[in-house]
Amino acid sequence: MGDLLGPGGRGEELESAAPAWGADLGAPATPRQEAEALRLAAEMGAAAGRFGVGWAALQPEGRGRLDPAALARLDRRIDAIGEAGLAPWPMLAPADLPRDIRIRGGWTARDTAWRFAEFACRIADRIGDRMAALVVDAGAPGFAWTEAAWRDRPVGMAEDAAFRAALHHLLLGRGLALAALRQESGRWRLGAALASPPPEPWDDTLASSDAVAIAEALGWEASIATLRDGRYPELAAERLGRLVEEGDAARCRAPVDLLLLDHAGPLWARMDSAAPGGVDLADRPRGGAMPEAAGPQSLRQALDRLARAWPKLPVHLTLRIAADDPPLREGRIEDGARIEALEATLEAVEAASASGVPLATVFLGPVLDDGAAPPAGLAAWDARTDVPQPKESWRRLQRRIRG
């Protein structure tokens with residue numbers, strides 16, 4: 001059921017017994033780190049490389065022409081990915097906003113959705129003949145639920161109002177971008193990224209059950225229903241109110257060739273009147289200890305629900321397994337905690353695939369640690385020797401992929 005394609009065409013699905021393997025290339029800080037990340041991805045056995053395309057650097061004014069120097073860097077990166085033997089999978093993410101757009105309110109401003117669609121078309125016009133697929137990420141609901149969504153809100157705009165505005169405009173921007181891209185060229189393979197699977201209740205109270213219902217309506221269900229059907233779930237429509245102007249729901253709808261599920265682990269929901277949307281989302285349940293099977297169970301449920309929502313649409317998956325690493329010992333990083341979590345997660349992936357979920361590609365990574373804590377990279381960068389240090393998880397994956 002893999003469907004990795006060479007640059008350019010949408011083509012026919014390639015049938016295989018199991019999903020193909022890809023690598024999340026992240027955003028290495030230097031050209032040397034970029035080259036080493038590509039080398040490690042290729043040596044691991046990855047057939048595709050996913051990477052983000054930042055808006056701020058490429059279009060600093062948020063409209064009009066693209067910056068020539070930034071374009072040259074993007075050209076070099078996508079060419080290097082192809083030369084390494086990987087199919088390039090660029091993803092347009094909404095978080096890296098140009099300064100002028102931030103000044104005007106970021107995603108709280110309705111006009112940002114149209115500017116994002118314009119940016120998407122300009123990028124695709126430049127790299128469309130070299131990409132295997134172009135994925136548009138609305139960042140909702142996870143992005144809209146974080147500080148980044150409302151820190152640029154206009155003076156006097158309450159956090160909850162900013163959250164609701166950002167949530168709607170992100171979904172509107174995704175729909176506008178995908179529709180514009182499809183109109184621009186029927187040859188480009190287009191996908192939508194989905195993040196933050198439905199949360200679990202913080203505890204066994206009725207209030208936590210209500211929090212799950214609200215979070216799901218504003219997040220997972222709204223993201224799917226707007227993209228697929230051009231409508232908001234009833235609860236989401238009530239919460240968004242007049243923000244959704246006439247025709248907006250239909251503008252959020254867009255045909256896609258694939259879905260990308262970005263899975264970093266489960267979330268737990270609880271009511272909190274001070275939080276955006278009235279719901280607080282945490283990465284740990286009450287008591288602080290995450291159940292051992294929570295991550296794989298959350299992933300399996302999300303994959304099953306996606307397969308029911310789009311029975312025949314290929315699903316691509318990005319796995320980010322974060323865990324504290326032990327110190328380097330005898331030239332090795334024995335990251336046993338990450339390996340255990342990764343193995344359990346891949347078992348859930350295999351079970352979903354065997355049950356009929358149309359899983360096409362599993363992107364693993366990021367290849368190099370990206371500064372997040374706890375780290376999720378498959379390799380660490382040794383600042384003393386200026387070389388990458390593959391972790392045991394990378395070696396395990398290499399053996400698994402290459403057999």
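A strand, like a helix, is a DSSP run, and strands are numbered from the N terminus. In this predicted model, T318 lies in strand β10. The protein contains 14 helices and 13 strands, and 55% of its 403 residues count as buried.

**Overall form**

- The radius of gyration of the protein is 20 Å, which agrees with the value near 22 Å that a compact globule of 403 residues would have.
- The C-alpha trace spans about 60 × 50 × 45 Å along the principal axes of the protein.
- Among contacts with a separation of 6 or more, 75% are made by residues 24 or more positions apart.
- The accessible surface amounts to about 17,100 Å², and carbon and sulfur atoms account for 50% of this surface.

- Setting aside residues up to four places away in sequence, T318 touches D24, R50, L260, L261, D262, H263 and F363.
- L97 belongs to the loop between β3 (87–92) and α4 (99–103).
- L97 is also buried, with a relative accessible area of 5%.
- Apart from neighbours within four places in sequence, the contacts of L97 are W55, A56, R102, G106, W107 and T112.
- L97 and W107 are 10 residues apart along the chain, and 8.8 Å separates their C-alpha atoms.

**Charges and salt bridges**

- The protein carries 48 positive and 58 negative side chains, and the centres of these two sets are 3 Å apart.
- Side chains of opposite charge can pair when their charged atoms come close.
- A salt bridge requires a side-chain nitrogen of Lys or Arg within 4 Å of a carboxyl oxygen of Asp or Glu, and by this rule the count comes to 36 salt bridges.
- One network of salt bridges links R32, E36, R39, E43 and D386.

- D325 and R338 form a salt bridge through their side chains, with an N to O distance of 2.7 Å.
- D325 lies in the loop between β10 (315–319) and α13 (336–354), while R338 lies in helix α13, so this pair ties together parts that are 13 residues apart in sequence.
- Within the pair, D325 is partly exposed, at a relative accessible area of 25%, whereas R338 is buried, at 1%.
- The side chains of D382 and R384 meet in another salt bridge, at 3.6 Å from N to O.
- D382 counts as buried at 14% relative accessibility, but R384 is exposed, with a relative accessible area of 72%.
- E392 and R399 also form a salt bridge, and their closest N and O atoms are 3.4 Å apart.
- E392 is buried, with a relative accessible area of 8%, while R399 is partly exposed, with a relative accessible area of 47%.

Terms used
Residues numbered from 1 in each chain as written. Predicted model: local features only at pLDDT ≥ 70, side-chain atom pairs only at ≥ 80, totals over all residues. Heavy atoms only, no water. Helix = DSSP H or I, 4+ residues; strand = E, 2+ residues; numbered from the N terminus. Buried < 20%, exposed > 50% of the residue type's maximum accessible area, 1.4 Å probe, protein only. Rg over C-alpha atoms; globule rule 2.2 N^0.38 Å. Contact = heavy atoms within 4.5 Å. Areas by Shrake-Rupley, 256 points an atom, 1.4 Å probe, with all protein chains shown as cover. Lys, Arg positive; Asp, Glu negative; His and termini not counted. Charge placed at Lys NZ, Arg CZ, Asp CG, Glu CD.
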